[in-house]
Amino acid sequence: MGMPVIKPSNITREQSVGDLIESIALEENSIAHILNAESEKLNTIISQPAVTPQQIIAANKSVKNTVDAIISLETVLQSKLSLLKCMICQ
């Protein structure tokens, strides 16, 4: 497999800024949905009548792993915001 061919486009700076803002907003929305799902997962597990402490700990570790991954993604989004600031200031 060879190198991909990237063709230049006719996108304006304003379109690029708008696309970047939209991209960040969509990713933040996705993160909110993921965090909500993790919250619901914990609530479901905790509300079970026969839940054991080990099950709660396992669920908590799972949520922690998800949150850690989200923290990494937020770093990427922060980089996008920094790029956006540079684009706007020029």
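The model is predicted: local features need pLDDT of at least 70 and side-chain atom pairs count only at pLDDT 80 or more, whereas totals for chains, interfaces and linings use all residues. Residues are numbered from 1 along each chain as its sequence is written, and side-chain values use heavy atoms, with hydrogens and water left out.

**View A. Salt bridge between Asp68 and Lys64.** The N to O distance of this pair is 2.7 Å; a salt bridge requires a side-chain nitrogen of Lys or Arg within 4 Å of a carboxyl oxygen of Asp or Glu. Both residues belong to helix H2, four residues apart, about one turn of the helix. Helices are DSSP runs (H or I, at least four residues), numbered from the N terminus. Asp68 is partly exposed, at 31% relative accessibility.

**View B. Salt bridge between Glu38 and Lys41.** Here the N to O distance is 3.1 Å. The two residues are three apart in helix H1, a separation of about one helical turn. Glu38 is buried at 12% relative accessible area, while Lys41 is partly exposed at 29%.

**View C. Salt bridge between Lys80 and Glu27.** The N to O distance is 2.4 Å. A search of the whole structure finds three salt bridges.

**View D. Packing of helices H1 and H2.** The helix axes come within 10 Å and cross at roughly 170°; axes are lines fitted to C-alpha atoms over the stretch in contact, with angles from 0 to 180 degrees between N-to-C directions. H1 and H2 are therefore roughly antiparallel, the term for angles over 145 degrees. Their contact has 20 nonpolar, six polar and seven charged residues.

**View E. The largest nonpolar core.** Its eight residues are Val17, Leu20, Ile24, Ile31, Ile70, Leu77, Leu84 and Met87. Such a core is a set of buried Ala, Val, Leu, Ile, Met, Phe, Trp, Tyr and Cys residues joined through side-chain atoms within 4.5 Å. H1 and H2 are the elements that give two or more residues to this core. Beyond its neighbours within four places in sequence, Leu84 is in contact (heavy atoms within 4.5 Å) with Val17, Leu20 and Ile21.

Notes
Buried < 20%, exposed > 50% of the residue type's maximum accessible area, 1.4 Å probe, protein only. Parallel < 35°, antiparallel > 145°, perpendicular 65-115°, else oblique. Nonpolar A, V, L, I, M, F, W, Y, C, P; charged D, E, K, R; others polar.
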